[in-house]
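Welcome! Here is a short briefing to read alongside the sequence and the 3D view.

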Amino acid sequence: MVLPTPLYRLQCGVNSYDWGKIGLDSAAARFAAATPSDQLTIESEQPYAELWMGTHPSNPSKVLDSGSSLLDLVESNAMLLGPSVRARYDSKLPFLFKVLSINKALSIQAHPNKKLAEQLHSQDPKNYPDDNHKPEMTIAITDFEGLCGFRPLDEIAHFLANVTPLRQLVGEDASQAFIDKVRDQENDNSSSSSSNNKSALRSAFAALMKSSSEDIASAAKALVSEAESQGADFASGGTESSNGQTMAELVARLNGQFPEDIGLFVLFFLNYVQLAPGEAMFLKADDIHAYLSGDIIECMAASDNVVRAGFTPKFKDVQNLVDLLTYDYAPIDEQKMSPTEYPYAVLNRAAYSSGSEAMLYDPPIDEFSVIRSNLKGNGSKVTFDPIDGPSIVICTAGRGKISVGPKTESIQEGYVYFVGATAELILESEGGSGDEFITFKAFCEVEDHSNGGPQL
């Protein structure tokens, strides 16, 4: 029996959430519309937030030619996942691949670890639809901004000392206790100091999150007034990573999106991060974050569990959020990822001479890694060694060809393909000298290559 070539074009669903970009301004919408469907018409006034690529039951991808679900395909063809991936993760993809197009802030959120996810799913399956953890990686397609992880403690102390509405909401005593406790302790790397600092951070953050809606509304009015009147002098000029003008503008913008929301104050506890296209960061389960704007590639363990506490009309679970966080604190640069050249790919001469590249984003988890390929000009080609696991490939710019074995298909902006395990994959650009053919390849491999490849 001759098995089909393991290259399948996918039709992927796009979710319409209020925070998404509008109409065809949304990369998620444009990419979804690249594969025509009777079920999808992009409306010019409608927000489009997330393109989902994978087997997650909330929005499973379909095989374009057959109309069957990708989950049905991999369940009925065991070799598409590879024996090692199937043994570890059963008959579904271990990762969920997305494109997010963010017009306004997503909720302040964190994702539970595996143990807590199992507990929350058992207790509340409506709000926690599965029992998996959800570490995730973000790679910018366009300029991106977000709030990610707790700031260095001296920055939080600065804002508590210099932003009166914030200090009043946290409480004068709790604010001063935090300032006194962490003073001169941030660079003490002893375990006892770190534990004390995390305890102080938790106490201050919990005090903020327990504020009444009436107190939040009153403090928010005062906060917005200070931000609008003080400009660059807001928060006594801010900090080195977030100056006063930046913080004043963020307060005004976010209040316009979510008036009198607790998130306006959480802003002062979290790192403000900006990513240029190709830059990335990794968020462990239990890391607090909120995305603010931009188009991104997001890859995560196959879960849809979110614990929310601000910037959202959805279900808020403040106590669980306060309880699950690790209270790790660090400058944002420590959360950013530095991609490396992927060593198991071969560029042809045209690719080398044009400065093309295939860069690996490899987070410290087993479920996924991502390769960003940028093939420049015409005829630039990259050949990927076979791996012992599945891949999903999306094109975000330009056009070219994708080949597995004897099968070659066209690929352009928005096209998505599934590639089965043990298949050699070739991408080749088509275009002019100034064109770029950009793809992202999410994959999972839990054992060594048979030919000496990486163990992830």
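**Aromatic pairs and other local features**

F159 counts as buried because its relative accessibility is 0%, where buried means under 20% relative accessible area, exposed over 50% and partly exposed in between, with a 1.4 Å probe and protein chains only. This is a predicted model, in which local features need pLDDT of at least 70 and side-chain atom pairs count only at pLDDT 80 or more, while totals for chains, interfaces and linings use all residues. Residues are numbered from 1 along each chain as its sequence is written, and side-chain values use heavy atoms, with hydrogens and water left out.

**Aromatic rings**

- A search of the whole structure turns up 12 aromatic pairs; rings of Phe, Tyr and Trp (its six-membered ring) pair if their centres lie within 6.5 Å, and planes under 30 degrees apart count as stacked, over 60 as edge-to-face and the rest as tilted.
- One of them joins F150 and F205 edge-to-face, at 5.3 Å centre to centre and with 85° between the planes.
- F150 sits in strand β10 (residues 144-150) and F205 in helix α8 (residues 191-209), so this pair ties together parts that are 55 residues apart in sequence. Helices (H or I, at least four residues) and strands (E, at least two) are DSSP runs, numbered from the N terminus.
- F150 is buried at 3% relative accessibility, and F205 is buried at 0%.
- The rings of F159 and F268 are also edge-to-face, because their centres are 5.2 Å apart and their planes meet at 65°.
- F159 belongs to helix α5 (residues 153-162) and F268 to the loop between α11 (263-266) and β11 (270-275), so the pair ties together parts that are 109 residues apart in sequence.
- F268 counts as buried, with 0% relative accessibility.
- Ring pairs also link F150, F205, F269 and Y327 into a cluster.

**Positive phi values**

- D90 is not a glycine, yet it has a positive phi of about 70°.
- You can find D90 in the loop between α3 (83-89) and β7 (95-102), where D90 is partly exposed, with a relative accessible area of 49%.
- A235, a residue other than glycine, has a positive phi near 55°.
- A235 lies in the loop between α9 (213-230) and α10 (244-257), and A235 is buried, with a relative accessible area of 1%.

**A strand residue to look up**

- E357 lies in strand β18 (residues 357-361).
- With a relative accessible area of 32%, E357 is partly exposed.
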